[in-house]
Amino acid sequence: MLDRIDHVGIAALDLDGAVAFYARAFGVAPSFREVVEEQGVEEAMIRVGESWIQLLGARGPDTPVGRFLSSRGPGLHHVGYAVGDIEAALARLKAEGVPLIDERPRRGSRGSLVAFAHPKGAGGVLVELVQP
Ligand code: CO
């Protein structure tokens, strides 16, 4: 059911600093930045071939990424897999007993639909399904 890796999410304490680091170290720059208020996050999306690096900055300490940064520090946050049918993918994970953070898809960046599955049911990896 997975078409490809859509993006890898990386939490950053300082989004501008992370963007500057990726420019210096890897010679890449964001195609766009987007604030997703309902998730309390600002994203800088860097295209790498058919996939993206999603640098994540918290809009405050009491947001999902803010809480992740205080407990775990900066670094790998989640893997986003592109799927053709997010409803079918969610139903399959649920049938497999994977705990879902989002029972229903919600709006992600680039006009996509997204849903998260809990890392405790997915080998310690926060999994995001993305229907582009
Ligand atoms: Co993501």
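This is a predicted model: local features need pLDDT of at least 70, side-chain atom pairs count only at pLDDT 80 or more; totals for chains, interfaces and linings use all residues.
## The chain as a whole

The chain contains three helices and eight strands, and, when these elements are read along the sequence, they follow the pattern β-α-β-β-β-α-β-α-β-β-β. A compact globule of 132 residues would have a radius of gyration near 14 Å, and because the chain has 14 Å, its value agrees with that expectation. The C-alpha trace spans about 45 × 30 × 25 Å along its principal axes. Of the 132 residues, 44% count as buried, while the accessible surface of the chain comes to about 7000 Å², with 55% of this surface belonging to carbon and sulfur atoms. Among the contacts with a separation of 6 or more, 52% are between residues 24 or more positions apart.

## The cobalt site

The cobalt ion is coordinated by four residues, namely His 7 through NE2, Gln 54 through OE1, His 78 through NE2 and Glu 128 through OE, at 2.0 to 2.2 Å. Along the chain these donors follow the spacing H-x46-Q-x23-H-x49-E. Two of them show how the site links distant parts of the chain, since His 7 belongs to strand β1 (residues 2-12) and Gln 54 to strand β4 (residues 51-58), 47 residues apart. The angles among the four donor atoms run from 86 to 170°, and the site is irregular.

Is His 7 buried or exposed? His 7 counts as buried because its relative accessibility is 1%, and Gln 54 likewise counts as buried, because its relative accessibility is 3%; the cut-off for this class is under 20%. Gln 54, which is found in strand β4, has contacts beyond its neighbours within four places in sequence, and its partners include His 7, Val 8, Gly 9 and Ile 10, as well as Glu 43, Ala 44 and Met 45. The other metal-coordinating residues His 78 and Glu 128 are also in contact with Gln 54, as is Ser 109.

## An aromatic cluster

Phe 21, Tyr 22 and Phe 26 form one aromatic cluster.

| Pair | Arrangement | Centre to centre | Angle between planes |
|---|---|---|---|
| Phe 21 and Phe 26 | edge-to-face | 5.8 Å | 85° |
| Tyr 22 and Phe 26 | tilted | 5.1 Å | 50° |

Phe 26 takes part in the edge-to-face pair with Phe 21 and also in the tilted pair with Tyr 22. Tyr 22 and Phe 26 both lie in helix α1 (residues 15-26), where they are four residues apart, which is about one turn of the helix.

Tyr 22 is buried, because its relative accessible area is 12%, whereas Phe 21, at 40% relative accessibility, counts as partly exposed. Phe 26 has a relative accessibility of 51% and therefore counts as exposed, given that the cut-off for this class is over 50%.

Note on methods
Residues are numbered from 1 along each chain as its sequence is written. Side-chain values use heavy atoms; hydrogens and water are left out. Donors are N, O and S atoms within 2.8 Å of the metal (3.2 Å for Na, K and Ca); water is not among the atoms, so sites may look incomplete. Four donors count as tetrahedral if all angles lie between 85 and 135 degrees; four count as square planar and six as octahedral if opposite donors are over 155 degrees apart and all others between 65 and 115; anything else is irregular. Helices (H or I, at least four residues) and strands (E, at least two) are DSSP runs, numbered from the N terminus. Buried means under 20% relative accessible area, exposed over 50%, partly exposed in between (1.4 Å probe, protein chains only). The radius of gyration is taken over C-alpha atoms; the globule rule is 2.2 Å times the number of residues to the power 0.38. Contact means heavy atoms within 4.5 Å. Accessible areas come from the Shrake-Rupley method with a 1.4 Å probe; for residues, only the protein chains shown count as cover. Rings of Phe, Tyr and Trp (its six-membered ring) pair if their centres lie within 6.5 Å; planes under 30 degrees apart count as stacked, over 60 as edge-to-face and the rest as tilted.
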